[in-house]
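Please consult the sequence and coordinates shown below.

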Amino acid sequence: MACDRLPLIAPWRRLRPRVAGREGCPFCLGNESMTPPAVGVAVGSGLGAKILWSDSPGSWTARIIPNLYPAAKHGEGEVRGFHEVVVESPRHVEHPHEDLESFEAGLKLAFYRLEALWRLDWIVFVAWFKNSGRLAGASISHVHSQIIALNAKPPCIPSKPEPSKDLAISAYDKAILYSHPKPEANYHLAITSFHPAGRPWLENLNIIKGLAKLIAESTRFYVECLGIDSYNAWLWTPPKGGGEGWWVEVAPSRPLGGLERGYNIYVVETPPEEVAREARKCLRR
Ligand SMILES: [Zn+2]
């Protein structure tokens with residue numbers, strides 16, 4: 001089946017500033033005036049956090065703000081949509097495992113927002129993804145993810161990475177973390193549930209707790225055991241009109257060569273079974 005490419009031409013992104021550290025960080029609590037008003041905020045920690053669809057001043061654990069330099073805009077262009085940023089802790093931490101309770105609240109907030117966008121009749125695809133670290137293309141180090149909703153489908157539909165016993169790493173609240181059977185990078189991981197629905201938030205809400213916990217375990221494995229701090233994570237949900245369940249992939253960032261970019265062929269040094277063994281050992285600690 002042909003697998004074309006979907007470019008999003010966004011010249012305004014040339015104006016994107018690079019903000020590296022804690023100094024003048026627009027995502028830290030108290031610096032809200034440095035960002036556009038929030039679309040929604042989570043107040044309180046974990047899955048019990050209250051979701052408010054307004055820019056609530058005062059304390060928050062996670063907030064969604066419009067991306068000032070969006071990959072797609074809703075009023076302009078052939079490909080239209082929403083591109084927003086989810087700030088996943090009021091504190092200046094860099095990884096989900098450093099503030100799991102806020103990350104969980106942030107994931108709940110993101111998923112509620114994605115469901116609202118999914119219900120717009122012109123939106124056909126929604127996504128949640130995370131770029132962390134310089135190699136991953138992150139411009140701000142404060143822990144955050146991004147959500148996108150588009151009137152266009154991704155040109156390639158990936159096949160689900162199937163979990164198997166020798167690739168299993170850990171399980172939590174019906175979510176399972178395993179080594180990706182078809183990796184594109186060393187230490188490539190995947191997370192799904194035992195019976196995935198079209199979108200994770202359509203399952204029992206506890207799946208968000210399990211998913212947050214396992215994403216955080218993945219980043220702890222990278223940062224604390226492997227010394228890797230640049231990685232990407234992404235949620236796959238089928239576009240409208242086709243496909244089955246969801247899954248999340250987490251993978252260290254890597255420079256891509258001609259073989260990868262030209263032919264979708266990936267050379268990887270770590271065998272998936274070995275990755276699973278190493279991760280199990282690391283996460284027991
Ligand atoms: Zn910060």
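## Location of proline 37

Where is the place of proline 37? Proline 37 lies in the segment before β1 (40-43); helices (H or I, at least four residues) and strands (E, at least two) are DSSP runs, numbered from the N terminus. The model is predicted: local features need pLDDT of at least 70, side-chain atom pairs count only at pLDDT 80 or more, and totals for chains, interfaces and linings use all residues. Residues are numbered from 1 along each chain as its sequence is written.

Proline 37 is exposed, because 12 other C-beta atoms lie within 10 Å. By definition, a residue is buried with 20 or more other C-beta atoms within 10 Å of its own, exposed with 12 or fewer, and partly exposed in between, C-beta atoms being placed from the backbone.

## Strand β4

In strand β4 (residues 81-87), 7 of the 7 residues are buried, so the strand is largely enclosed by the rest of the structure. One side carries Gly81, His83, Val85 and Val87, and the other Phe82, Glu84 and Val86.

β4 pairs with strand β3 (residues 62-66) in the antiparallel sense over 4 bridges; pairing requires at least two DSSP bridges between two strands. Arginine 63 stands opposite valine 87. Strand β6 (residues 144-150) also runs antiparallel to β4, joined by 7 bridges, and isoleucine 147 is the bridge partner of glutamate 84.
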